[in-house]
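Subject: Structure handover

Hello,

Here is the structure you were waiting for. Please open it alongside this message; my notes follow below.

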Amino acid sequence: MRNSSTGWTRWAGELAGPRFSEFQIALTAHNTRRLEPRLPEEAGQNDLEIEHTIACAEVDFIEAQRKIIAPLVADIPSKTDEFIAWFERLKQTGPGQGDPLFPWLATEADTEQMKWFLLQEVAGEAGFDDLLAMTQVKMSVQAKLEMARNFWDEMGRGREKAMHGPMLERLASYFDLAPTPDKVVPESLALGNTMIALARHRRYAFHSAGALGVIEMTAPTRAGFVDKGLRRLKIPPKKRHYFALHAVLDIKHSEEWNREVLRPLVAEDPRRARAIGEGAVMRLWHGARSFDRYRQELGISNSDKNIIPVPHRANTARPTVEYQISAA
Ligand SMILES: [Fe+2]
Ligand SMILES: [Fe+2]
């Protein structure tokens, strides 16, 4: 049941426009609190009621995305080898790949522009380690082992200084970044909210495995450009280590994820190919929408990529249509 604090959940199916923005800001605010470890006496009286309402809204949000991205996933093969080849092609043809934002960050962005970009990215970052920890629950052995190895890398192999999350925080504090939902574009918030929804709802466990895998696969190119930009802006190596590291390490993570996680999961049950593929495309789709919005905000010209219409339910009988970048 909706009460005054969860009225925003009614906009779960909106993927653009002011209601989309309202929903993403509210869900981000809720997500920052909901995963905090707590004591029984700290729980609110109607916590469970609120949690139920928001959980239903998250499912509506994900289902609306599944409808929108349907044209991009119409051809997902369910045989293991074909599926892996399809998945690996996303690196070239997936939404947002080759976006001109990144070469621009590497060669032209000034410090303020880079800072603005990082603020958006830090806010959209839901914490790969925790997403992974939630996703691996009760996965089969081969997939779980690789998830554990990946998690151990995220944990800096037991050394605090080498943990990936704090490494990003060091860069954020160097730039004095304090992202609050109102300073961040809703497209970036939607990305983080989607990753959390996929990892938390077990019906989307394989979507989450696909979304995490596509991050590993596409991060090195982006991280390489960002690192080059940070180097050009004379940011000390220790502070930009997060991007320098991911430009290299995620190449290995991606190969291992595809071989040790995705391959056995699909071989065990071919229906999972669709779920994994959808999760991957959803993650890239949000990335593409974020890059598009960043370019608008930063005044960088649009690329000539193909577009698909994104209808959003406005108060009109006919859906209004916005255009966003999509795959070729
Ligand atoms: Fe990482
Ligand atoms: Fe990684």
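**Helix pair α9 and α12**

Helix α9 (residues 186-200) and helix α12 (residues 272-298) cross at roughly 165°, and their axes come within 8 Å. An angle over 145° counts as roughly antiparallel, so α9 is roughly antiparallel to α12. The crossing of α9 past α12 is left-handed.

Who touches whom? On the α9 side, the residues are E187, S188, A190, L191, T194 and L198. On the α12 side, they meet G279, M282, H286, G287, R289, S290 and R293. Sorted by class, this contact has four nonpolar, six polar and three charged residues.

Please keep in mind that this is a predicted model.

**Helix pair α3 and α11**

A second pair is worth a look. Helix α3 (residues 80-93) packs against helix α11 (residues 241-268) at an angle of about 135°. Their axes are 9 Å apart. That angle makes α3 oblique to α11. Here α3 passes α11 in a right-handed crossing.

From α3, the contact uses T80, F83, I84, F87 and E88. From α11, it uses N258, L262, R263, V266 and A267. The class count for α3 with α11 is six nonpolar, two polar and two charged residues.

**The whole chain**

How many helices and strands does the protein have? The secondary structure comes to 12 helices and two strands. In sequence order, the pattern reads α-α-α-α-α-α-α-α-α-α-α-α-β-β.

Along the principal axes, the C-alpha atoms fill a box of roughly 50 × 50 × 45 Å. Buried residues account for 41% of the 328 residues. Now take the contacts between residues at least 6 apart in sequence: 78% of these join residues at least 24 apart.

Most residues other than glycine have a negative phi.

- K138 has a phi near 60°, a positive value in a residue other than glycine. K138 sits in the loop between α6 (128-135) and α7 (141-154). Is K138 buried or exposed? K138 is exposed, because its count is 7 other C-beta atoms within 10 Å, and 12 or fewer counts as exposed.
- K234 is not a glycine either, yet its phi is positive, at about 65°. K234 lies in the loop between α10 (205-232) and α11. With 7 other C-beta atoms within 10 Å, K234 is exposed.

**One glutamate to find**

Where is E112? E112 belongs to helix α5 (residues 111-124). E112 counts as exposed, because it has 8 C-beta neighbours inside 10 Å. E112 and F175 are 63 residues apart along the chain. Their C-alpha atoms are separated by 9.6 Å.

**Where to start in the viewer**

Begin with α9 and α12, the roughly antiparallel pair. Then turn to α3 and α11, the oblique pair. Finish with E112 in α5.

Best wishes

Technical notes
Residues are numbered from 1 along each chain as its sequence is written. Chains are lettered from A and ligands numbered from 1 in the order in which they are written. This is a predicted model: local features need pLDDT of at least 70, side-chain atom pairs count only at pLDDT 80 or more; totals for chains, interfaces and linings use all residues. Axes are lines fitted to C-alpha atoms, for helices over the stretch in contact, and angles run from 0 to 180 degrees between N-to-C directions. Helices (H or I, at least four residues) and strands (E, at least two) are DSSP runs, numbered from the N terminus. Angles under 35 degrees count as roughly parallel, over 145 as roughly antiparallel, 65 to 115 as roughly perpendicular and the rest as oblique. A crossing is left-handed if the near helix is turned anticlockwise from the far one by less than a right angle, and right-handed if clockwise. Two residues are in contact if their C-beta atoms, placed from the backbone, lie within 7 Å. Ala, Val, Leu, Ile, Met, Phe, Trp, Tyr, Cys and Pro count as nonpolar, Asp, Glu, Lys and Arg as charged, and the others, Gly among them, as polar. A residue is buried if 20 or more other C-beta atoms lie within 10 Å of its own, exposed if 12 or fewer, and partly exposed in between; C-beta atoms are placed from the backbone.
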